[in-house]
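Dear colleague,

I am handing over the structure below, followed by an account of what was found in it. Please read the two side by side.

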Protein chains: 2
Amino acid sequence: MLTLFGNLESGNVHKVQMILARRGLAFRRVEVAQVRGEPRRPEYLALNPMGKVPALLLEDGDVMTESGAILYHFAEGTPLWPEGRRAQAEVLRWMFFEQYSHEPALAVLRYLRNYTPEPVRHEARLTELRPRAHFALNAMQARLGGASWFAGDGPSIADYALYPYTRMANESGLELEEWPSLSRWLARVEAQPGFLPVYAEGAAETVGFDAYFGT
Amino acid sequence: MLTLFGNLESGNVHKVQMILARRGLAFRRVEVAQVRGEPRRPEYLALNPMGKVPALLLEDGDVMTESGAILYHFAEGTPLWPEGRRAQAEVLRWMFFEQYSHEPALAVLRYLRNYTPEPVRHEARLTELRPRAHFALNAMQARLGGASWFAGDGPSIADYALYPYTRMANESGLELEEWPSLSRWLARVEAQPGFLPVYAEGAAETVGFDAYFGT
């Protein structure tokens, strides 16, 4: 069975859950949480020197990391990775946008507001990140003004990549009602086969960090 | 002819120059520079709503953005995009790492130190970013301890993506001598066919922002 390392609160981990659920692939999940500093513990760094969740241990012992790369791998043979180099590059365009311009604003806002003991201490950073998050959502809305999906005419892993942190935008202090085309797009993603909501457990079984690593 | 929008100081723009040089494709370059706020001017946003350089205007009028997506597009038919889904996912893994964990540390350090009038005003941010940059270079060194290239046995667009900001790490206040395997890897990239050094002009002709946009 596949083994996914990460916590349910992570949107990047959720992307992997989404593609595995879509593919109907069973997996167990080892709890690794940023709030407890677990991605930087030596046992985990031996698995993923990048010090981030998610990581995915394959049955052959190989370890994959970076949610975008994992989405790509498991999209093989599905319509979520289109034919044609130019169409594929457009999928990757939105996936790189998500990792560089979207997630660092929305996810960090969400983390500072909800997962730090004194969010007020981070006010300068929150003030810097809010307009970045707005700018990212505006860029998404510009695309969705004339399209149903981010790349091409159908759903792709770009939509999967952009889904979790957009869905949780209210936790980032943003009002999704300001971007109506995004709300309609979220509903389209949620109607996809095998859809798994954020925070839902997709694993067949779960294991704690210490139990797995024997620490 | 292709038209590249961006400035020579941008490592992300340089990645596009590198792949076009490797492919022997002629292009003109329109100067669009972050220090002058040009990526957020309305004329440019009409071209790229993401408000970033590079952008690449194709001969059919299509616009591509996100350096990683452009590298992918132009790697078609070259050995820089390997065969096999698992090997390809490994290339993307390092490209997402570069955009999420490497570039935001190294490039922002470099920008604050060299392109802002009073770097001392950003000391808190510099102090936060330095360990992130070290961590990223350590993760790269961990890979290169047993390998010549980031993904698979040969050079790929992952190496092209990681090259510019690593090459310019001294401008980020980092001493590359601390990571000897990275220096050896940089030399291997520099021995690639059609290699173009950072800051070099690869364009057949250049046009200023106002001249191009008629502003």
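Of the 114 residues in the largest nonpolar core, which touch the most other members? They are Ile157(A) and Ile157(B), where a nonpolar core is a set of buried Ala, Val, Leu, Ile, Met, Phe, Trp, Tyr and Cys residues joined through C-beta atoms within 7 Å. The element that gives the most to this core is α4(B), with 13 residues.

Before going further, please note that this is a predicted model, in which local features need pLDDT of at least 70 and side-chain atom pairs count only at pLDDT 80 or more, while totals for chains, interfaces and linings use all residues. Residues are numbered from 1 along each chain as its sequence is written, and chains are lettered from A and ligands numbered from 1 in the order in which they are written.

Not counting residues up to four places away in sequence, Ile157(A) touches Leu71(A), Tyr72(A), Ala75(A), Leu80(A), Trp81(A), Val91(A) and Met95(A); two residues are in contact if their C-beta atoms, placed from the backbone, lie within 7 Å.

Between the chains, 25 residues of chain B are in contact with 25 residues of chain A. On the chain B side, the elements that give two or more residues are β4 (63-65), α3 (67-74), α4 (85-114) and α5 (123-144), helices (H or I, at least four residues) and strands (E, at least two) being DSSP runs numbered from the N terminus. Of these, α4(B) gives the most, with eleven residues. By class, that side of chain B has 14 nonpolar, six polar and five charged residues, with Ala, Val, Leu, Ile, Met, Phe, Trp, Tyr, Cys and Pro counted as nonpolar, Asp, Glu, Lys and Arg as charged, and the others, Gly among them, as polar.

In chain A, α3(A) is mostly covered, since eight of its eight residues are buried; a residue is buried if 20 or more other C-beta atoms lie within 10 Å of its own, exposed if 12 or fewer, and partly exposed in between, with C-beta atoms placed from the backbone. What covers the buried residues of α3(A) includes α1, β3 (55-57), β4 (63-65), α4 (85-114) and α6 (157-167) of chain A, together with α4 of chain B.

Helix α1 (residues 11-23) of chain A packs against α3(A) at an angle of about 5 degrees, with their axes 9 Å apart; axes are lines fitted to C-alpha atoms, for helices over the stretch in contact, and angles run from 0 to 180 degrees between N-to-C directions. The two helices are therefore roughly parallel to each other, given that angles under 35 degrees count as roughly parallel, over 145 as roughly antiparallel, 65 to 115 as roughly perpendicular and the rest as oblique. Their contact has six nonpolar, two polar and two charged residues.

Two further helix pairs are in chain B. Helix α1 (residues 11-23) of chain B and helix α6 (residues 157-167) of chain B pack at an angle of about 135 degrees, with axes 9 Å apart, which makes α1(B) oblique to α6(B). By contrast, α5(B) meets helix α7 (residues 180-190) of chain B at an angle of about 75 degrees, again with axes 9 Å apart, so α5(B) is roughly perpendicular to α7(B). The contact of α5(B) with α7(B) is made by Leu137(B), Met140(B), Gln141(B) and Leu144(B) on one side and Ser181(B), Leu182(B) and Trp185(B) on the other.

With best regards
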